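Colleague: Could you walk me through the strand pairing here, and take a close look at how the strands sit side by side? I'd enjoy a connected account.

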Amino acid sequence: MPTAAPAIRLDRVSRHYTMGGTSVRAVDELSLSVANNEFLALLGSSGSGKSTLLNLIAGLDRLTSGSIFAHGQDIASLSSLELARYRSKTIGMIFQSFNLLPRMTLEENIELPLRLAEVDRAERPARVREALERVRLTHRLGHRPTELSGGEQQRVAIARALVNRPKILLADEPTGNLDSATGEAILNLLRELRSQLGMTIVMVTHERPLAEAFADRLAIMGDGKLLRTTSLKGLPQ
Amino acid sequence: MKPRDLTDLALRNLRESILRNALTTLGVAVGVASLVAMLSLGVGLQQLAAKRLSESGLFDTILVTPKNAFRGMGRPQREPDSGKPPRVLDDDARKELEKLPNVIEVYPQVRFFTEVRFNNKPYATVVAGMPDSSRNSGSFDGMQGKFFSSTTANEAILQIEFAKDLSEKTSSLIGQDLVLRYAERQSLPSASSNAHPSANPPDTSGGGFSVVAKELRLKIVGIVETEPAAGYGGYGNARLLMPLLTASTLRAAQVNDLRDIVRDSNSGKTTYASLSVRAKSPSQVEALETSIKKMGFNAFSLLDASKSLRTFFTVFDSLLGIFGCLALAVATLGIVNTLVMAILERRREIGVLKALGAADSDVQQLFFIEAGVMGFFGGIFGVLLGWLLGRVVTFGTNVYLQRQNLNPIELSSVPLWLVASALIFAILVSLAAGLYPASRAAKLNPVDALRYE
């Protein structure tokens, strides 16, 4: 259950781009707090700035102004190397198109974040197996991603995101490439893992019914701004 | 990322596009091979020239003469202002010379112009005494027949040109005898006690000698194609070689430095007109020469000629190296091309790696290692290919030489330093080629990279 101390705090966050000579305000003066262990769904139409906001929280993109604190860490002040460490240790990410490396087996895909985090070699097989157990895919260890269904691939992606035991899981349209039943199964899995591991989840989606069914709170964006938040489980807004 | 993981990942990436990476590596290999082949020919030719020269004894031998020795047209070369009398080149001096560091041996020059009779026909030639150590100098490698059976044997080895004068079928000469007709010098202890009625007038130092015609029968034991006695200090290349001890016991009158040749002086000590000092290698000649001069003798070597030879080969090798490098430069462009293509192909993958926590330096090192691995394998295959090319060129040359009835030669040489430098050079060049792609990959914006389809 969420606690009062925020896992993520966005303070007047802006991200502006210059495209063809005009400035695009992808995220504009947005402030938002995500509580520890909360499951927040970011909703909005295409181009509303949801994915940009997710990338800013992930440390993949740099702010134009404002600040983001993740577990007390000011992301804007981090160097490129520190941001890489932050992505490795604090953040787990899953994507709409799964983004598994097709040339690697499932085991190698899941091991990749452990290599990047310089986890001891001897420890890695157990960690990989544990992550695969959580997504119930241990029997497919040696398979390549292309040999799996979409739902299975997303489960592998979740296992890969979890293998470094992150505090925050960021999901960018995780059900976008899945049929509704599989999408529901994936969100069920995310909610289950959130409870087990005590993670905070921020999910970008445009599927409002799914978000309402699984998230604790909805944050609705439009034109780079936060339009409103809606608590679904009686959580503070 | 840890180096081992980076290497694993890089090797895996290289394996995935095996055909393209193998072709790129082959490009590097061809570049390195051309470099190695060119340089191996350069080194081989240099070694060949150096071997021939060292066999001639020109570059590792120092001719030592006393400072009052006659030179040129018989004019004495005295030190302009030396108050002390010039040092005598006697047995004491010989022993002292033998004790100098890096000296293999010290021997007197015995070389005289004389007549040889073979099948009752006279032939004029230069005879030289060969020290026993010349057996191992390489000069007699590949000779017909064999080296002298002993240091005092009455045997002769003929230089091939002279052998051809004696008989068209040179190999039939071995085992036959020839007669050496020479002028023996018989010393006269003093002007008053003249032992020989036909003696020449005594010389100014109190001694004197008479010249008596003598003959010596020599057995031809070998025929040599090189010129082991092409040295200086005599007059021209010797065509008939005999053991040094045999030659010196003849006490043959030598035209060169006639006055000072081996003789009994009034003090009863043997003095020498000149002594040859053989150094362990041509590189030690300079230092030895200085030491000998300090002892109070004249010292002469062909070191300067050897120096300019080295300069020539340095320039020659550099030119060959530059031509070899051209192919490697083209191969380098191949590496750049392959890696830039890989960045385009793996753009999304780079984005994923960064999203999962890869630092810019991790991505950079990954591409660097890929370039280095291609360079390493390219280097190994290149060295092998270059060596093979050298062998093929040597083989081809030797087939041609054999058709011309000439001895085979070792045209190319791949020493260990060439293998090591070619490998290191290939890796360095490949890393340099990976510099741009690696930095480009490292700078990829992860958001753009993840969006890339």
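**Strand pairing**

Modeller: Happy to! Let's start in β10(A), where Arg228(A) is the bridge partner of Ile220(A). Please keep in mind that this is a predicted model, in which local features need pLDDT of at least 70 and side-chain atom pairs count only at pLDDT 80 or more, while totals for chains, interfaces and linings use all residues. Residues are numbered from 1 along each chain as its sequence is written, with chains lettered from A and ligands numbered from 1 in the order in which they are written.

Strands here are DSSP runs (E, at least two residues), numbered from the N terminus, and two of them pair if DSSP finds at least two bridges between them. Strand β9 of chain A (residues 217–222) runs antiparallel to β10(A), and six bridges join the two. Both belong to an open sheet of six strands in chain A, ordered β6-β7-β8-β3-β9-β10, with mixed pairing. Because β6 (91–95) and β10 (225–231) of chain A stand at the edges with a single partner strand each, one side of each has no neighbour in the sheet. On average, neighbouring strands of this sheet are turned by 20° against each other, direction ignored; the angle is taken between axes, lines fitted to C-alpha atoms.

Now for chain B: strand β5 (residues 111–118) and strand β6 (residues 121–130) pair antiparallel over eight bridges. Here Val116(B) stands opposite Tyr123(B) of β6(B). Their hairpin has two residues between the strands, and Asn119(B) takes a positive phi near 50° in it. β6(B) also pairs with strand β11 of chain B (residues 240–243), in the parallel sense over four bridges. There, Gly129(B) has Met242(B) in β11(B) as its bridge partner.

Technical notes. Axes fitted to C-alpha atoms, helices over the stretch in contact; angles between N-to-C directions.
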